[in-house]
Amino acid sequence: MSDPIRLLDPVEVAGTRHQSLDMRPPRARDLREAQARGGTDEDVEIKLFAMLCGCETAVIDELYWRDYAGLQRRYRELVEDPAPPDQRDPAAPMEPVAIPLLDPVEVAGTRYESLDMRPPRARDQREAARGGGTEADFDARLMTALCGVGPGVIDELHERDYRRVKRAYNGFLAVP
């Protein structure tokens, strides 16, 4: 967990004064959960921040803009990839890509320190779309299939590792 975010303008909600907020690193499933609750993009972001800070959305709603901008900065810090994987040459043959995880995860007793993504095929998108749901649900099913991992592994990734997985996928889509 990173240092608490000190609020420049503390807020009081339901009799509790909030002078700081702790934001945990997001996992891929957090975005899906926030999207499942519906609303505009802004509503989803507020729900996501509330989940990550372990507070009610009313606390986030009451923040002054400069404190809300501080939450947005912290979120970006938590999800930015400090060392993106090398981009593959679009003219190179399609080969699986190893994706080292910055924050390894453990699911069902198996520790994942990296994921191996195979090149996508046209059928992969169609098969991922069969499950319905949100765009995030589709992406999670597609990344799960391409990495050959069990259900839940992609959901457990920290957001910055999930972005590395998505970047690897997008590297396969480059046209020479």
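Mentor: Happy to. Let's take helix α4, whose 15 residues reach 21 Å from the first C-alpha to the last, close to the 21 Å expected at 1.5 Å a residue. Please keep in mind that this is a predicted model, and that every value below is computed from it.

Start with what α4 hides. Its buried residues are D67, Y68, A69, G70, L71, Q72, R74, Y75, L78 and V79. The cover over these buried residues includes two strands, β1 (5–13) and β2 (16–21). It also includes the helices α2, α3 (57–62) and α8.

Next come the aromatic rings. The whole structure holds three aromatic pairs. In one of them, the ring centres of F49 and Y68 are 5.7 Å apart and the planes meet at 45°, so the pair is tilted. F49 belongs to helix α2 (residues 41–53) and Y68 to helix α4 (residues 65–79), so this pair ties together parts that lie 19 residues apart in sequence. Both F49 and Y68 are buried. Another pair joins W65 and Y68, with centres 5.3 Å apart and planes at 35°, so it is tilted as well. These two residues both sit in α4, three residues apart, which is about one turn of the helix. As a reminder of the geometry, an α-helix has 3.6 residues a turn, so residues three or four places apart point the same way.

Y68 is at 7%, so it counts as buried. Taken together, ring pairs link F49, W65, Y68 and Y75 into a cluster.

Now follow Y75 and V79 across to helix α8. Both of them are in contact with E159, which also touches P26, R27 and A28, leaving aside its neighbours within four places in sequence. E159 is placed in helix α8 (residues 159–173). Its relative accessibility is 8%, and because the cut-off for buried is under 20%, E159 counts as buried.

Let's step back to the whole chain. It has eight helices and four strands. Read from the N terminus, the elements run β-β-α-α-α-α-β-β-α-α-α-α. The C-alpha atoms fill a box of roughly 60 × 35 × 35 Å along the principal axes. Of the 176 residues, 41% count as buried. Among contacts with a separation of 6 or more, 57% are between residues 24 or more positions apart. The chain exposes about 10,000 Å², and carbon and sulfur atoms supply 47% of that. As for charge, there are 25 positive and 33 negative charges, and their mean positions are 3 Å apart.

The loops between strands deserve a look too. A14 lies in the loop between β1 and β2, and its phi is near 55°, a positive value in a residue other than glycine. A108 lies in the loop between β3 (97–107) and β4 (110–117), and its phi is also positive, at about 50°, although it is not a glycine. For context, most residues other than glycine have a negative phi. A14 is exposed, with a relative accessible area of 81%, and A108 is exposed at 79%.

Leaving aside neighbours within four places in sequence, M117 is in contact with P96, V97, I99, M143, L146, C147, V165, A168, Y169 and F172. The C-alpha atoms of M117 and F172 are 9.9 Å apart in space, while the two residues are 55 residues apart in sequence.

One last stop is helix α6 (residues 135–147), where T144 has its place. T144 is buried, with a relative accessible area of 17%. Not counting residues up to four places away in sequence, T144 touches V149, G150 and I154.

Note on methods:
Residues are numbered from 1 along each chain as its sequence is written. This is a predicted model: local features need pLDDT of at least 70, side-chain atom pairs count only at pLDDT 80 or more; totals for chains, interfaces and linings use all residues. Side-chain values use heavy atoms; hydrogens and water are left out. Buried means under 20% relative accessible area, exposed over 50%, partly exposed in between (1.4 Å probe, protein chains only). Contact means heavy atoms within 4.5 Å. Accessible areas come from the Shrake-Rupley method with a 1.4 Å probe; for residues, only the protein chains shown count as cover. Lys and Arg count as positive and Asp and Glu as negative; His and the chain ends are not counted. The place of a charge is taken as NZ of Lys, CZ of Arg, CG of Asp or CD of Glu. Rings of Phe, Tyr and Trp (its six-membered ring) pair if their centres lie within 6.5 Å; planes under 30 degrees apart count as stacked, over 60 as edge-to-face and the rest as tilted. The expected span of a helix is 1.5 Å times one less than its number of residues.
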